[in-house]
Amino acid sequence: MTAPAQLRHLVDGQWLDGAGDTVVSISPAEPDVVVAQGRLAETTELDGAVAAAQRVKREWARIPAHERGAILVRAAGIVENAAQDWGTELAREEGKTKPEGIGEVLRAAQILRFYGNDADRDAGEVFSSPRRGERILVTRKPVGVVGVITPFNFPIAIPAWKIAPALTYGNTVVWKPASTVPLLAMRLAQALTDAGLPDGVLNLVIGDRTVGNGLAEHPGIDAITFTGSTGVGRRIAAAGAARGVPVQAEMGGKNAAVVLGDADLELAAEQVMFGAFRSTGQKCTATSRLIVTDDIAEDFLAELGKRADALNVGNPVQDGTEMGPVVNAAARTSIQAGIDRAFEQGARRIAGGHAYAEGTLATGFFVPPTILELPSQSPDVWREELFGPVLAVRRAGSVDEAFALANDSEFGLSAAIFTQDLTRSLDAIDDLDVGILHINSESAGADPHVPFGGAKKSGYGPKEQGRSAREFFTHTTTVYLRGGQARL
Ligand code: UN1
């Protein structure tokens with residue numbers, strides 16, 4: 001076992017010890033294994049980070065976009081080369097399986113490269129003018145210092161898809177990751193530094209809620225991008241609104257997979273399993289609800305139950321493990337409480353459900369892959385995001401009923417529909433109230449060149465990625481341009 005990493009913060013190009021509480025970051029599969037330890041940041045480090053980001057913001061914005069992009073592309077290469085090692089560290093620190101961890105690191109590299117290459121593609125628009133001898137330019141300029149607040153569940157990919165566009169379009173960054181995953185945060189910050197990012201352009205402060213709130217309310221922060229729970233996201237949005245700064249918040253999900261009678265059921269079973277249990281269900285895009293039509297329900301649920309009970313749950317760094325633990329003891333307790341409440345409210349067990357009582361699965365923070373069929377009156381597990389490996393199932397008598405059940409949620413991030421009937425697919429595009437729709441694939445997944453974000457309680461402000469990333473991380477100046485010489 002490698003020695004625990006020392007937790008440090010990157011402020012103005014220097015790696016510093018924090019002045020806050022001492023924390024120990026442990027492996028959720030083996031809580032006695034320390035992954036990183038050190039002192040959290042507090043207001044002192046946050047203020048230093050914001051001051052540095054403010055000081056260098058004009059200089060960074062003046063660097064040609066080509067050069068900024070080249071730094072990101074170099075960082076992509078560093079991250080890619082480290083994928084095996086960092087993917088394993090990620091699995092140990094966060095709990096997803098090693099192949100998922102390696103996949104996530106490679107995805108971060110892909111995101112850095114995508115935004116690095118996008119740096120010089122678009123600097124605004126040129127319009128004609130109703131007046132002679134004039135052109136109107138709409139130029140895009142960076143917003144300034146961006147506050148980035150990221151969750152535990154994608155410790156490197158989500159930071160990459162916020163930090164890469166922020167930097168490439170000319171902003172400086174103060175980043176507060178979840179304090180449960182400090183190691184991967186330090187790895188990404190170091191990769192960007194090694195790729196040539198000047199001091200102060202990216203600052204990393206690993207802190208608790210106080211630092212997060214301090215960042216959201218800081219007068220030196222010009223825009224905030226956040227991923228996490230709806231409760232925290234809305235507080236950050238309010239803090240941003242109070243100061244008049246733009247906020248992009250990606251929040252919870254309660255994503256439905258709808259399986260219709262004409263679907264390829266082998267494909268549907270495979271994809272629903274991926275959506276529900278990959279990353280131990282800890283994705284805002286995870287499939288946490290399943291709606292299946294009456295005609296196929298019995299057989300389909302029996303098949304899913306068999307697959308879920310057969311999943312190889314265990315230590316995420318071991319070869320062959322298919323599902324790891326949830327992130328910490330508090331998550332295990334609250335997810336298990338949600339399952340117990342569902343049983344009290346009449347749920348029928350299709351798979352999992354009972355807490356592990358002994359062995360390494362009981363000492364680690366494991367929750368069994370669980371599938372519950374619900375009675376008609378919606379229990380809490382139908383509505384509340386548990387953020388774990390729990391799939392709540394309802395049967396529908398018709399396609400209309402299935403769509404109505406899919407929309408029966410305050411959230412609207414993603415959905416999946418399984419059917420070979422094109423008309424049903426087209427109806428789903430119109431009728432399902434979600435920001436992301438997968439037709440015949442699992443509800444999770446995202447590509448950097450297209451928008452990512454949800455409807456209803458799932459999103460606030462401009463979406464991430466795609467064209468909207470450039471829009472969020474820049475603002476426009478409309479320039480009425482004349483030559484300066486009087487003309488008749
Ligand atoms: C994915 O579905 O692969 O927090 C990415 C989350 C999302 C990212 C999902 N913002 O889970």
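This is a predicted model: local features need pLDDT of at least 70, side-chain atom pairs count only at pLDDT 80 or more; totals for chains, interfaces and linings use all residues.
Good morning. I shall start with the overall division of the chain. The domain assignment gives two parts: domain 1 covers 5–251 + 458–478, and domain 2 covers 255–439. Taken over C-alpha atoms, the centres of domain 1 and domain 2 are 31 Å apart. To the contact between them, domain 1 contributes 20 residues and domain 2 contributes 23 residues.

Let me stay with the side of domain 1 that touches domain 2. Two or more residues come to this side from each of helix 3 (83–94) and helix 4 (98–118). Helix 3 supplies the largest share, 4 residues. By class, this side of domain 1 holds 8 charged, 7 polar and 5 nonpolar residues.

I turn now to the ligand. The residues around the ligand include Pro151, Asn153, Phe154 and Ile158, then Thr227 and Glu250, then Lys283, Cys284 and Thr285, and finally Ala444, Gly445 and Ala446. Which domains supply at least three residues each to this shell? Both domain 1 and domain 2 do so. In terms of class, the shell around the ligand consists of 6 nonpolar, 4 polar and 2 charged residues.

An open sheet is formed by 3 strands in the order 1-5-4, with mixed pairing. Its edges are strand 1 (5–7) and strand 4 (22–26), each of which pairs on one side only. From one strand to the next, the twist averages 20 degrees. Strand 4 is joined to strand 5 (residues 34–39) by 5 bridges, in the antiparallel sense. Within that pairing, Ser25 has Ala36 of strand 5 as its bridge partner.

A second pairing concerns strand 13 and strand 14, which run parallel and are joined by 5 bridges. Here the bridge partner of Val259 is Val292, in strand 14. Strand 14 (residues 287–293) is mostly covered, with 7 of its 7 residues buried.

Is Lys254 buried or exposed? Lys254 is buried, because 25 other C-beta atoms lie within 10 Å, and the cut-off for a buried residue is 20 or more. Apart from neighbours within four places in sequence, the contacts of Lys254 are Ser288, Arg289, Arg383, Glu385, Ser409 and Phe411. Two of these contacts, Ser288 and Arg289, fall within the range of strand 14, residues 287–293. As for Asp194, it stands 60 residues from Lys254 in sequence and 39 Å from Lys254 in space, C-alpha to C-alpha.

The other position is Ala223, which is placed in strand 11 (residues 223–227).

Methods
Residues are numbered from 1 along each chain as its sequence is written. Domain bounds come from an automatic or database domain assignment. Two residues are in contact if their C-beta atoms, placed from the backbone, lie within 7 Å. Ala, Val, Leu, Ile, Met, Phe, Trp, Tyr, Cys and Pro count as nonpolar, Asp, Glu, Lys and Arg as charged, and the others, Gly among them, as polar. Two strands pair if DSSP finds at least two bridges between them. Axes are lines fitted to C-alpha atoms, for helices over the stretch in contact, and angles run from 0 to 180 degrees between N-to-C directions. A residue is buried if 20 or more other C-beta atoms lie within 10 Å of its own, exposed if 12 or fewer, and partly exposed in between; C-beta atoms are placed from the backbone. A residue is near a molecule or strand if its C-beta atom, placed from the backbone, lies within 6 Å of it.
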